[in-house]
Amino acid sequence: MRHSRSEVIERTIQEFELLDQLVANLTNEEWNRLLHRPESKDPWTVKDALAHITHWKADVARSARRQRIPIEERGLNINQGNRLVYLRWHDRSPQEVLAWHRQTQKDVLAALQEAPEEWFSGRERGPDWPVDLAGHSTYHRVKDIERALKETEK
């Protein structure tokens with residue numbers, strides 16, 4: 001299917017608002033709650049999941065602007081890229097990650113407004129394209145963050 005600027009922006013805003021409402025008033029304990037992840041993966045917290053979502057949203061803004069992949073990210077597979085995000089953001093405060101999440105949303109919306117129309121409708125794409133702006137965020141919001149926040153202390 002082909003997409004329009006307006007529907008991509010609408011989906012991006014809707015998912016951001018759901019995610020932002022979820023994380024806006026978390027306690028330090030909630031930010032640091034561990035997610036269910038395989039032992040072979042980094043032990044993400046709620047904060048790490050938000051940093052992960054935000055990084056890949058920022059990557060869409062870069063793509064929409066037709067900017068090159070940063071040198072330190074070139075040639076990395078998805079697991080290596082995710083590890084890099086974890087290492088960059090794991091030791092930062094929840095407030096820094098939350099501020100980055102909100103600034104990235106503004107940047108993404110600006111990039112979507114600036115992108116040429118053919119970036120949206122120039123070729124056939126899946127219905128959830130660009131995945132990192134809504135579908136990927138929804139997946140981690142529901143599967144990881146909401147799940148971790150619903151769990152009670154044992």
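Arginine 66 is exposed, with a relative accessible area of 53%, because exposed means over 50%. In this predicted model, arginine 66 sits in the loop between helix 3 and helix 4. Its phi is positive, about 55°, although arginine 66 is not a glycine. The chain around it has seven helices and zero strands.

**Confidence of the model**

- The chain has a mean pLDDT of 95, and 98% of its residues reach 70 or more.
- Among the elements, helix 5, made of residues 94-114, has the highest mean pLDDT, at 98.
- Helix 6, made of residues 117-121, has the lowest mean pLDDT among the elements, at 91.

**Overall build**

- Read from the N terminus on, the elements run α-α-α-α-α-α-α.
- The chain has 154 residues and a radius of gyration of 16 Å, which agrees with the value near 15 Å that a compact globule of this length would have.
- Taken along the principal axes, the box filled by the C-alpha atoms is roughly 50 × 30 × 25 Å.
- Of the contacts between residues at least 6 apart in sequence, 80% join residues at least 24 apart.

**Surface and charge**

- Buried residues account for 43% of the 154 residues.
- The chain exposes about 8700 Å², and carbon and sulfur atoms supply 52% of that area.

**Arginine 5, in a helix**

- Arginine 5 belongs to helix 1.
- Its relative accessibility is 18%, so arginine 5 counts as buried, the cut-off being under 20%.
- Leaving out residues up to four places away in sequence, arginine 5 touches Leu112, Gln113, Glu114, Ala115, Pro116, Glu117 and Phe120.

- Alanine 24 lies in the loop that runs between helix 1 (5-23) and helix 2 (28-31).
- Is alanine 24 buried, exposed or partly exposed? With a relative accessible area of 28%, alanine 24 is partly exposed, because that class covers values between 20% and 50%.
- Apart from neighbours within four places in sequence, alanine 24 is in contact with Leu98 and Arg102.
- Alanine 24 and histidine 136 are 112 residues apart along the chain, and their C-alpha atoms are separated by 19 Å.

- Glutamate 73 is found in the loop between helix 3 (46-64) and helix 4 (78-89).
- Is glutamate 73 buried or exposed? Its relative accessibility is 14%, so glutamate 73 counts as buried.
- Which residues does glutamate 73 touch, not counting those up to four places away in sequence? They are His55, Leu84 and Arg88.

**Proline 130 and its peptide bond**

- Proline 130 lies in the loop between helix 6 and helix 7 (135-150).
- The peptide bond from tryptophan 129 to proline 130 is cis, and its omega is near -15°.

How values were computed
Residues numbered from 1 in each chain as written. Predicted model: local features only at pLDDT ≥ 70, side-chain atom pairs only at ≥ 80, totals over all residues. Heavy atoms only, no water. pLDDT = per-residue confidence, 0-100. Helix = DSSP H or I, 4+ residues; strand = E, 2+ residues; numbered from the N terminus. Rg over C-alpha atoms; globule rule 2.2 N^0.38 Å. Buried < 20%, exposed > 50% of the residue type's maximum accessible area, 1.4 Å probe, protein only. Contact = heavy atoms within 4.5 Å. Areas by Shrake-Rupley, 256 points an atom, 1.4 Å probe, with all protein chains shown as cover.
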